[in-house]
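Look at the structure shown below together with its sequence.

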Amino acid sequence: TSSEMKAADGGGATSTEPCKLTVFVTDRQERLSWQFADYADFSYAQVVFPDVRTLALCLPSGQMHRWRLDANEQWKEDPQAVRIDPGRYTAIAATENGKFIYFAEGKQVAAIDALTGRRVAFVDLKVGEKRGEMAGYPIEAVAAVGDDHMIAAALWDGRVALAKCQPLAN
């Protein structure tokens, strides 16, 4: 993702141009460009590859856009965005088989079905006090461990949690 930034009155920054997601290949040729509707979606957007030919862009406004790499190596956007729970996600990961996507928000990790966007499992983590000034969020990174809703989460207190997300009742 990219954006030209300038200092905002009272602190922080704002974008001086439209924010966009751009995908390049090794020869620096642009293969995909998608413009965000607003800065809020840009600033908390999360990108994940559920499989080697699918790119998912999850927005805090509650939409998941997907592109698939076709036989001609061109990215084609799915015609409809998938509805997901809105939130300020700070980390994202997909299972190796591409069936589930995990989001971190606050002290919770939630699993969604990668096709439907439906929440299927979650875990609340016990996170200690922030350690140091560089950590920004209670859960800094998340990784899928196998395909049975096990996750590893890097926490701002310097620990790594290994936990199993609990399935939701249908």
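How many of the six residues of strand 12 (residues 108-113) are buried? Five of the six are buried, and strand 12 is thus described as mostly covered. Buried means under 20% relative accessible area, exposed means over 50%, and partly exposed lies in between (1.4 Å probe, protein chains only). Strands are DSSP runs of E with at least two residues, numbered from the N terminus. This is a predicted model, in which local features need pLDDT of at least 70 and side-chain atom pairs count only at pLDDT 80 or more, while totals for chains, interfaces and linings use all residues. Residues are numbered from 1 along each chain as its sequence is written, and side-chain values use heavy atoms, with hydrogens and water left out.

Strand 12 has a partner on either side. Two strands count as paired if DSSP finds at least two bridges between them. With strand 11 (residues 100-105), strand 12 pairs in the antiparallel sense over six bridges; one of these joins Phe100 to Asp113 in strand 12. The hairpin of strand 11 and strand 12 has two residues between the strands, and Gly106 takes a positive phi near 60° there. With strand 13 (residues 119-124), strand 12 forms five bridges, again in the antiparallel sense, and Gln108 has Asp124 in strand 13 as its bridge partner. In this second hairpin five residues lie between the strands, and Gly117 takes a positive phi near 80°.

These strands belong to an open sheet of five strands in the order 10-11-12-13-17, with antiparallel pairing. Its edge strands are strand 10 (91-94) and strand 17 (166-167), each of which pairs on one side only. Strand 17 is joined to strand 13 by two bridges and runs antiparallel to it; in strand 17, Pro167 is the bridge partner of Ala121.

What lies around the side chains of this region? A nonpolar core is a set of buried Ala, Val, Leu, Ile, Met, Phe, Trp, Tyr and Cys residues joined through side-chain atoms within 4.5 Å. The largest nonpolar core has 21 residues, and Val109, Leu125 and Ile151 have the most contacts inside it. Two or more residues come from each of strand 10, strand 11, strand 12, strand 13, strand 14 (139-144), strand 15 (150-155) and strand 16 (160-164). Val109 touches, among others, Tyr102, Phe122, Ile139, Ile151 and Cys165, not counting residues up to four places away in sequence; contact means heavy atoms within 4.5 Å. Another core, of 14 residues, lies apart from the largest one and includes Cys19, Phe42, Leu57 and Leu59.

The structure also holds six aromatic pairs. Rings of Phe, Tyr and Trp (its six-membered ring) pair if their centres lie within 6.5 Å; planes under 30 degrees apart count as stacked, over 60 as edge-to-face and the rest as tilted. The rings of Trp34 and Phe36 are edge-to-face, because their planes are at 75°, with centres 5.2 Å apart. Trp34 and Trp67 are also edge-to-face, with centres 6.0 Å apart and planes at 75°. This second pair links distant parts of the chain, as Trp34 in strand 4 (residues 30-35) and Trp67 in strand 7 are 33 residues apart. Both Trp34 and Trp67 are buried. Ring pairs link Trp34, Phe36, Tyr39, Phe42 and Trp67 into a cluster.

A last point concerns a loop. Glu73, between strand 7 (63-69) and strand 8 (75-77), has a positive phi near 65° although it is not a glycine.

Definitions and conventions:
Helix = DSSP H or I, 4+ residues; strand = E, 2+ residues; numbered from the N terminus.
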